[in-house]
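Please look over the following points with the structure open beside you.

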Amino acid sequence: MDNNFAARRRRDLVIAAVLAALAALAPLFVKDVYVQNILILTLMYAALSQSWNILSGYCGQISLGHALYFGIGAYTTELLFTKFGVLPWFGMLAGGMIAAVIAMGLGYPFFRLRGHYFVIATIVIAEIGLLLFQNWEWAGAAMGITIPVRGDSWLKFQFLRSKLPYFYFALALCCLAWFVTWWLEDSKWGFWWRAVKDNPEAAESLGVVVFNSKMGAAAVSAFLVAIGGAFYAQFLAYIDPESVMGFQFSLLMALPAVLGGIGTLWGPVLGAVILIPMTELTRSFIGGSGRGVDLIVYGTLIVLIALALPQGLVSLFSRFKAKGATR
């Protein structure tokens, strides 16, 4: 069993390296700016969903308030840049660390809640954060912050003439989130999280410090999500509270993992590859009617996938493998 598990992990790593290499070649064939934009968003949400999956998938603490950490990453980076001239690269790290500290601070009371009470608490705190930023004059309040762009610069992480640098950063972020998850999956933290998810009382009786396990998962998840928020702010060159802390971001982080396979290594990536292009294409081609047809189509497809594959899209591969083994 151990040999099979080790072989599977090596296979996952090889597959990930091949897919990353193929993705890196995509801009050679995709010249359309609109399609490039979809690719960037797909990679970004794959990274965000992978990060969300660490806390909600592996540790079983379902959060619908991760938009708070996304917004903290965005605002920390841009406030440091516009107010103090701190380069975005340092702002990203600062935003990630602040988000991790806040996640642990919120975890102290919240992790004493369970089930839907915890979910409701995460939604409420994210909405409180949104309202605070909407009324914080120094941070631009509801008007937001416009990031000054003065040409292409890797130092300031700003690009006008091409989206390719953003594409490769999004790819690197996606690879980082995937690799961190892959590494943690086989660490003691990964085993602790799965034990806490399955049965916290049994896990505690075996020596797992349940509270500390949840805090660690929250910190890692919030840090990576905040990096994604900082990237998104640089990508747009403008942020306001609704554009980086709205509830839709929490949903778009959760949905790819849920539909792809929550608590799995490949579920968030597979879900993002299907959901994000679907979202953008339905909005572009049938969203202009103003009647919400795009949302109806999008929602219907999600419901159908969820009903047909309640364990996520990755369960298809398990079925194919099982059928192949029986032949």
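**Notes on the aromatic residues and the surface**

1. Start with the aromatic cluster. Trp89, Trp154, Phe157, Phe159, Tyr166, Phe169, Phe231 and Phe235 make up one such cluster. Keep in mind that this is a predicted model.

2. The wider count comes next. Across the whole structure, the search gives 28 aromatic pairs. One of them is stacked: Phe169 with Phe231, at 5.3 Å centre to centre and 15° between the planes. The stacked label applies because planes under 30 degrees apart count as such.

3. This pair ties together distant parts of the chain. Phe169 sits in helix H6 (residues 164–185), and Phe231 sits in helix H9 (residues 210–236). The two are 62 residues apart.

4. The cut-off for buried is under 20%.

5. Now take the tryptophans. Trp178 and Trp266 have ring centres 5.2 Å apart and planes at 45°, so their pair is tilted.

6. Trp178 counts as buried because its relative accessibility is 6%. Trp266 is at 23% and therefore counts as partly exposed.

7. Two arginines deserve a look. Arg112 lies over the face of Tyr108, 4.5 Å from the ring centre. Arg194 lies over the face of Phe191, at 4.9 Å from the ring centre.

8. Which residues make the nonpolar surface patch of about 800 Å²? They are Val14, Ile15, Val18, Leu19, Leu22, Leu25, Leu28 and Phe29. Ile15 belongs to helix H1 (residues 2–29). With a relative accessibility of 37%, Ile15 counts as partly exposed.

9. Last, the overall fold. The protein has 14 helices and two strands. Its C-alpha atoms fill a box of roughly 60 × 45 × 40 Å along the principal axes. The radius of gyration is 20 Å, which agrees with the value near 20 Å for a compact globule of 327 residues. Of those 327 residues, 50% count as buried.

Notes:
Residues are numbered from 1 along each chain as its sequence is written. This is a predicted model: local features need pLDDT of at least 70, side-chain atom pairs count only at pLDDT 80 or more; totals for chains, interfaces and linings use all residues. Side-chain values use heavy atoms; hydrogens and water are left out. Patches are made of residues with over 30% relative accessible area and no salt bridge: like charges are joined within 9 Å, nonpolar side chains (Val, Leu, Ile, Met, Phe, Trp, Tyr) within 5 Å. Accessible areas come from the Shrake-Rupley method with a 1.4 Å probe; for residues, only the protein chains shown count as cover. A salt bridge is a side-chain nitrogen of Lys or Arg within 4 Å of a carboxyl oxygen of Asp or Glu. Helices (H or I, at least four residues) and strands (E, at least two) are DSSP runs, numbered from the N terminus. Buried means under 20% relative accessible area, exposed over 50%, partly exposed in between (1.4 Å probe, protein chains only). Rings of Phe, Tyr and Trp (its six-membered ring) pair if their centres lie within 6.5 Å; planes under 30 degrees apart count as stacked, over 60 as edge-to-face and the rest as tilted. A charge sits over a ring if NZ of Lys or CZ of Arg is within 6 Å of the ring centre and within 35 degrees of the ring normal. The radius of gyration is taken over C-alpha atoms; the globule rule is 2.2 Å times the number of residues to the power 0.38.
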